[in-house]
Amino acid sequence: MKLKIKIADYFSDRLNRYRFFSLLCFILIITAVAWQSDDAYHAYVMAKHLVEGNGFVYNIGERASASSCPLFTLVIACGYFVVRNMFFISLFICIAFSAAAYGIICRHFCHNIRQVLFLFLAMITSVSFMSYTTSGLENSLLFFLAALFFKNYYAYEDFDGRQLFYMGLLISLIALTRMDAVLMFVPAVVYIYIGRRKLVSFGRAVLIGFLSLLPFFLWELFSLFYYGFPFPNTAYVKLGTDIALREYLYRGLQYLLTSALCDPVLIVFIAFVIVTAFLLKKGRLIFTALGLLLYLIYLFYIGGDFMLGRHFTTAFLISLITVLYINENGFEADYKNRRFRFTVAGLLLGCMVFSATMGLITSQFLYGHENSSPIADERAGYFRYTSLYNNILSLIRTGDLCIRDAWNEQGIEEYRACGLKGGILPMVPGISIYYNSDMYLNDWYALGDPFLSKLPAEKEENWRIGHMYRKPPEGYEDTAAFGENVIENEALHEYYDVIRLITRGELFDPVRIRAVIDINLGKYDHLIDEYESTLK
């Protein structure tokens, strides 16, 4: 009876009805467009191996991590432990996190119906944001954690010890979700620690900060001990190249401009918040803007990404939160608030009109006839085979999912026909690795290969971020297929033995632990240098 009264009281308020039905519509829309990225399956296979008792690894028997989002991968593993259907449980988790983020923002930042409509329309207008509410990647968890962080960041003038610990813990969880995403929050953390001066001493604040970051520190120690390296294998693949910085900067600029042209609302509101924060000259807003700027600079430095708009989506969500906060708290004079509201409405309407009318033109920046872009709308490319909608239809028609039809598995089938337990192929998609997880599989892009990932990358004509392949040295493919080290180059032969000891040797072997220390101190780098000298 009390519950019925509470529900009745909640829905008696008109604003609450708008909040609830906008959330319901948001869930229905992201469910309708839900899909899986192939890249997500590189992490899914690790979650699967963990649940099945084979270790938190990419390939059984070799301790290597192909997941840049360990916390999200562990959450997926928990879901898979309960429901042994990776496709459906992973999409459910993504939808739940994205819906929770929307609910938090709507509840705490939307104080009138106009604001509810703005939040809903801005989110569904962004192609990239809607794409990465699902996809199986870590974005949905970042949305949820960012919503929790800024809910508290904008709620308090001064921060006591308990609030400091809570915010520090959120930063720790964000770092475990995606390490580089922390850059968006670092200036806000500085502001928080400045804002604690009245309530918490400096020494106590440092202690609280250390304790709140313990989950991240402990993970790093585990990663160093278990895998032999502090960072996931993907970090060495994507950043360990000899490609000139100016080319990365060019790719970063291309990523920004392509995202702005194909998904204008995504970039417009990030830029709008940065400019507005500095114009208002309010400390809390300036530190938010500095976080967004710091992250944009970082994206330029690493060359952006190959997935259209993906790495801007969390910054976009932070920007929407900040727009709502400014609308409620940024102006003392009513006429300035009205001017701000008209500006925001005009920007949103302009972005909606541009997106609706310029699709044929902007698509050329993704799929130009002469030079195909290294940036792609991944959801558009994969939707046919990996969407929730098409897989449900396939399940009804054939009794099976259609996701596995996304890629040709001829090379893997040839391995099986020859009685081999795996090997190195030029390219093995994440989906194929997941559905053949009983085999040892890696490819030239080396996302899960702890040896090949440390070798110099080959630069292709129209190279993509995260897709710089490493050509296997003579003998390595046979080594991977048959187990015996027959790598011809002496320096790499020795280097592979070290990697094999670290990733396959007994965990507590003192010789292995010594090798882990030495390789992270660079004591084996000369072997890679010797190999590189033979290529010139």
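Asp38 is buried (under 20% relative accessible area, with exposed set at over 50% and partly exposed in between, using a 1.4 Å probe and protein chains only), yet Asp38 has no salt bridge. Here a salt bridge is a side-chain nitrogen of Lys or Arg within 4 Å of a carboxyl oxygen of Asp or Glu. The nearest side chain of opposite charge belongs to Arg464, 9.5 Å away; for charge, Lys and Arg count as positive, Asp and Glu as negative, and His and the chain ends are not counted. What Asp38 does have is a polar contact, side chain to side chain, with Trp407 at 3.3 Å. That term covers a pair of N or O atoms within 3.5 Å; within protein, one must be able to donate a hydrogen and the other to accept it, and residues adjacent in sequence count only if both atoms are side-chain atoms. Setting aside neighbours within four places in sequence, Asp38 is in contact (heavy atoms within 4.5 Å) with Tyr382, Trp407, Pro429, Gly430 and Ile431. In the chain, Asp38 sits in the loop between α2 (14-32) and α3 (40-51); helices (H or I, at least four residues) and strands (E, at least two) are DSSP runs numbered from the N terminus.

The model is predicted, so local features need pLDDT of at least 70 and side-chain atom pairs count only at pLDDT 80 or more, while totals for chains, interfaces and linings use all residues. Residues are numbered from 1 along each chain as its sequence is written, and side-chain values use heavy atoms, with hydrogens and water left out.

A polar atom of the Arg512 side chain does lie 2.7 Å from the backbone oxygen of Ile502. Beyond residues up to four places away in sequence, Arg512 touches Arg63, Phe225, Tyr226, Tyr227, Gly228, Leu501, Ile502, Gly505, Glu506 and Leu507.

As for the helix itself, α27 spans residues 510-520, and its buried residues are Arg512, Ala515, Val516, Asp518 and Ile519. These pack against α12 (214-226) and α26 (490-504). At the start of α27, a side-chain oxygen of Asp509 comes within 3.0 Å of the backbone nitrogen of Val511. After the helix comes Gly522, with a positive phi near 85°.

Now for the charges that do pair up. Side chains of opposite charge can pair when their charged atoms come close. The count comes to 10 salt bridges. One of them joins Glu157 and Arg284, with the closest N and O atoms 3.3 Å apart. This pair links distant parts of the chain, 127 residues apart: Glu157 is in the loop between α8 (139-153) and α9 (161-177), and Arg284 is in helix α16 (residues 283-302). Glu157 is exposed at 58% relative accessible area, whereas Arg284, at 6%, counts as buried.

Asp438 and Arg416 form another salt bridge, at 2.8 Å between the closest N and O atoms. Asp438 lies in the loop between α24 (430-435) and β2 (440-443), and Arg416 in helix α23 (residues 410-417), 22 residues apart. Asp438 is exposed at 56% relative accessibility, while Arg416 is partly exposed at 38%. Asp180 and Arg178 also meet in a salt bridge (2.9 Å, N to O); Asp180 is buried at 15%, as is Arg178 at 10%. Both belong to a salt-bridge network that also takes in Glu138 and Arg310.

Two residues other than glycine have positive phi values. Ser135, with phi of about 80°, is in the loop between α7 (127-131) and α8, and is buried at 0% relative accessibility. Lys281, with phi near 60°, lies in the loop between α15 (264-280) and α16, and is exposed at 69%.

Helix α2 supplies the largest share of the patch, four residues. Tyr10 belongs to helix α1 (residues 2-12) and is partly exposed at 32%.
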